[in-house]
Each structure stands twice: as structure tokens, then as C-alpha cells.
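I opened this notebook to keep track of what I looked up in one protein model. The entries follow the order in which I went through it.

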Amino acid sequence: MKTMLKPFGPILILFFVISFGNAQIRSDYDKEADFSKYRTYSFEGWEKNSDKILNDFDKKRITDALQNEFSLRGMQLVNSGGDAAITLFVVVNAKTSKTAYTDFNNYYGYGARWGWRYGMGAGSVSATTTISENDYNEGTFVVDMYDRETKRLIWQGIITAVVQENPSKREKAIPKKIGKLMKKYPVKPTKY
């Protein structure tokens with residue numbers, strides 16, 4: 001499967017990142033963490049080399065969008081040794097969905113309007129069920145934030161969505177989806 005996705009990986013991930021039409025956005029955080037103490041952060045890389053399926057443009061779009069969102073929350077990016085460490089992860093899985101549609105037809109003959117079944121004609125009923133299978137790719141993008149001193153996970157944001165194949169809106173969609181994810185971050189933006 002990895003061999004099959006490798007040539008299409010950059011395209012699939014690109015589409016996943018840019019158009020999360022019905023994306024599931026989830027977040028969890030350490031309720032005991034004092035997020036006001038995190039003034040700096042550094043990107044610590046991509047988990048399990050998952051960035052290999054991204055092109056350089058998309059990696060930059062993702063990190064720029066995250067940098068902008070953290071900046072709105074009073075956090076500054078540093079090359080290394082930030083108060084918080086950020087790691088990123090992305091994966092794409094092939095999925096299949098099944099849908100069924102039943103077309104129900106009911107035909108009746110002619111008969112009298114009044115009376116007891118006088119002149120009623122024969123009728124027929126038919127139903128046709130169509131089942132279709134659709135193959136698609138589902139992508140998951142994960143942002144993990146760790147406390148630098150304790151090495152403890154303090155926040156995690158996850159986006160899961162069907163990989164779309166419309167690259168025309170890529171530059172606008174990546175920051176938009178990252179923005180939706182960051183709405184789940186425990187600190188609200190302080191500047192606009």
C-alpha cells in the first residue's frame with residue numbers, strides 16, 4: 001500500500017490539507033497546565049518522517065499557518081529550546097464506503113371510485129436496490145505540543161478528513177483549516 005501511495009502521496013496529502021470539507025476537528029489538553037507561561041515554542045519536526053509525502057510548499061504553508069496562529073496568542077517561534085515543543089504528524093489511509101439506494105415503484109390498475117372493490121384492476125410492485133462502493137482516502141493531521149521541561153504532552157489538535165482533489169484553493173484553505181483547529185487551543189487570540 002505504501003508503494004501505491006508513494007507516487008501520489010504529495011498530491012493526496014496536498015488535497016487533504018487544503019480541503020477538509022467535512023473535517024472532524026478534535027482537541028485535548030492538560031487541564032493542569034498553565035498555558036500563560038508558554039511564550040516561545042519551536043518546531044521539533046515531523047513524527048515518523050510523515051512529511052515525506054508532503055511537498056515543500058505545503059510543509060511551509062502548514063508551518064506558516066501554525067506560526068501565525070501561535071503569534072496571535074502571544075507566542076514566538078524560536079529555532080530551538082522554546083518553552084513548548086511542537087511536533088507534527090500526517091497519515092493517509094485508503095477507505096471504502098458503501099451506499100445503497102432503493103427505488104420503489106408501485107403500479108395499480110384502474111377501478112371504480114365507489115363501492116366495494118368493484119372493477120379493481122391488477123397491480124404490481126417492484127423495487128430495485130443499487131449498491132455502490134466508493135474508494136477514497138482519509139487523512140489525519142496531528143499537532144502535538146509538549147512542555148519543554150517536563151516533556152509532558154500539554155495539547156493535541158487533530159484534523160481528520162476525506163482527501164479532496166481540488167488544488168485550486170490550496171493557499172487559502174490551509175490557513176483556514178489550521179485556524180479552525182487552533183480555535184480548540186486553550187488560549188484565545190489576543191491580537192488581530
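**Entry 1: helix α3**

I began with the face of α3 turned away from its buried side, and found the exposed residues D56 and F57 there. The model is a predicted one, in which local features need pLDDT of at least 70 and side-chain atom pairs count only at pLDDT 80 or more, while totals for chains, interfaces and linings use all residues. Residues are numbered from 1 along each chain as its sequence is written, and side-chain values use heavy atoms, with hydrogens and water left out. I take buried as under 20% relative accessible area, exposed as over 50%, and partly exposed as in between (1.4 Å probe, protein chains only). Helices (H or I, at least four residues) and strands (E, at least two) are DSSP runs, numbered from the N terminus.

Which residues of α3 are buried? I noted D58, K59, R61, I62, A65, L66, E69, F70 and L72. Looking down the axis of α3, I found these buried residues within an arc of 165 degrees, so they line one face of the helix. The arc is that of the directions from the helix axis to the C-beta atoms.

The 17 residues of α3 should span 24 Å at 1.5 Å a residue, and the end C-alpha atoms are 24 Å apart, which agrees. The expected span is 1.5 Å times one less than the number of residues in the helix. After α3 comes G74, with a positive phi near 80 degrees.

**Entry 2: the whole chain**

I counted 4 helices and 6 strands in the protein. Their order from the N terminus is α-α-β-β-α-β-β-β-β-α. Of the 192 residues, 34% are buried.

**Entry 3: the loop between β2 and α3**

I looked for positive phi values in residues other than glycine. K48 has one of about 50 degrees, and N49 has one near 50 degrees. K48 is placed in the loop between β2 and α3, and N49 is placed in the loop between β2 and α3 too. Is K48 buried or exposed? At 74% relative accessibility, K48 counts as exposed. For background, most residues other than glycine have a negative phi.

**Entry 4: strand β6**

In β6 (residues 153–162), I found 7 of the 10 residues buried. Strand β1 (residues 24–29) runs antiparallel to β6 and is joined to β6 by 6 bridges; two strands pair if DSSP finds at least two bridges between them. S27 has G157 of β6 as its bridge partner.

**Entry 5: aromatic rings**

How many aromatic pairs does a search of the whole structure find? The search gives 8. Rings of Phe, Tyr and Trp (its six-membered ring) pair if their centres lie within 6.5 Å; planes under 30 degrees apart are stacked, over 60 edge-to-face, and the rest tilted.

I looked at F35 and Y38: the ring centres are 5.9 Å apart and the planes at 65 degrees, so this pair is edge-to-face. F35 and Y38 are both buried. For W155 and Y185, the centres are 5.1 Å apart and the planes at 85 degrees, so this pair is edge-to-face. W155 lies in β6 and Y185 in the segment after α4 (170–182), so the pair ties together parts that are 30 residues apart in sequence. W155 and Y185 are both buried.

One aromatic cluster is formed by Y29, F35, Y38, Y41, F43, F70, W155 and Y185. K31 lies over the face of Y29, 4.2 Å from the ring centre. A charge sits over a ring if NZ of Lys or CZ of Arg is within 6 Å of the ring centre and within 35 degrees of the ring normal.

Which residues have the most contacts inside the largest nonpolar core? They are F70, F141 and M145, in a core of 26 residues. β2 (40–46), α3 (56–72), β4 (84–107), β5 (124–147), β6 and α4 each supply at least two residues of this core. A nonpolar core is a set of buried Ala, Val, Leu, Ile, Met, Phe, Trp, Tyr and Cys residues joined through side-chain atoms within 4.5 Å.

G139 and T160 are 21 residues apart in sequence and 5.7 Å apart in space, C-alpha to C-alpha. A84, in strand β4, is buried with a relative accessible area of 0%.
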